[in-house]
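Colleague: I would like to learn how to read strand pairing across a chain contact. Can we work through it together?

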Amino acid sequence: MSDPMRVRATESGGVVDVKILMKHDMETGQRKDASGKAIPAWFISTVTAKVGAKDVFVGEFGPAVSKDPFLNFKYKGAKGDKVTVTWVDNKGGKRTDEATVS
Amino acid sequence: MDMQRRDVLKYSAIFGLMASAGLITPAQAQEWNKAAFEGKTLDDVFKVLGAGKPENSAAITMIAPDIAENGAVVPVGINTTLKAQQMAILVDKNPSALAAQFFIPAGTEPFVTTRIKMGQTSNVYALVKADNKWSVAVKEVKVTLGGCGG
């Protein structure tokens with residue numbers, strides 16, 4: 001089970017600032033373990049943010065994104081919007097969290 | 001046995017309907033761009049994305065530090081006055097050049113920040129697609145401690 005992400009969304013002047021902190025190891029596939037075997041890549045590949053049914057942001061990550069990825073974007077919206085963020089990793093793992101714009 | 005078969009038929013019909021009714025959105029159906037992320041060099045990635053030879057643009061700001069003490073966590077971002085549809089962050093000297101790419105729907109600001117890993121001192125590129133034309137901004141980030149290979 002994956003840990004929840006932290007989603008914070010604040011509105012100012014008609015623009016909503018969304019900050020997301022995901023919890024994920026983001027293994028690159030470049031590292032080796034103690035016995036010299038390569039640790040397989042394991043990373044978030046897609047992040048989608050929606051308000052209602054509308055996509056407000058879509059990101060695709062490679063393994064070069066840091067451990068516990070952080071993402072910040074802005075869209076034109078209003079207080080009270082529900083921002084739903086979903087990530088999917090390359091092993092089919094998935095997590096969705098929601099925040100209300102304040 | 002017959003019941004199971006009927007169930008399978010029923011479910012596949014439901015999924016088909018969901019897809020056609022738009023309940024499964026294009027974003028979910030959209031495949032992660034494997035070829036682009038596997039591109040080793042900048043040119044590989046430009047080619048896969050269809051960017052050709054992007055021109056430098058003063059309208060794009062590559063947000064990145066001059067010096068990154070820890071290559072495992074380098075805060076980077078893109079800000080532009082162009083009407084961006086798609087943006088990407090590339091690191092010249094990483095094992096795979098493309099770090100992340102973003103799709104900007106109408107109504108979303110052409111702005112993003114995130115954190116990436118850098119193996120060594122390298123040029124970092126902010127690639128922006130606006131009006132079906134690709135442009136780029138570059139900034140060199142000096143890394144004192146590499147973030148790959150740990």
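Colleague: How many bridges join β5(A) to β7(B), and do they run parallel or antiparallel?

Modeller: Two strands pair if DSSP finds at least two bridges between them. Here four bridges join β5(A) and β7(B), and the strands run antiparallel. One pair to find is A:L71, which stands opposite B:T114 in β7(B). This is a predicted model: local features need pLDDT of at least 70, side-chain atom pairs count only at pLDDT 80 or more, and totals for chains, interfaces and linings use all residues. Residues are numbered from 1 along each chain as its sequence is written, while chains are lettered from A and ligands numbered from 1 in the order in which they are written.

Colleague: Which strand of chain A is joined to β6(B)?

Modeller: Strand β4 of chain A, residues 54-61. Strands are DSSP runs of E, at least two residues, numbered from the N terminus.

Colleague: What does β5(A) pair with inside chain A?

Modeller: Strand β2 of chain A, residues 15-21, over seven antiparallel bridges. A:K19 has A:N72 as its bridge partner in β5(A).

Colleague: How many residues does each chain bring to the contact?

Modeller: Residues are in contact if their C-beta atoms, placed from the backbone, lie within 7 Å. Chain B gives 31 residues and chain A gives 26 residues. On the chain B side, β6 (98-103) and β7 (108-116) each supply at least two. The largest share, eight residues, comes from β7(B).

Key
Contact = placed C-beta atoms within 7 Å.
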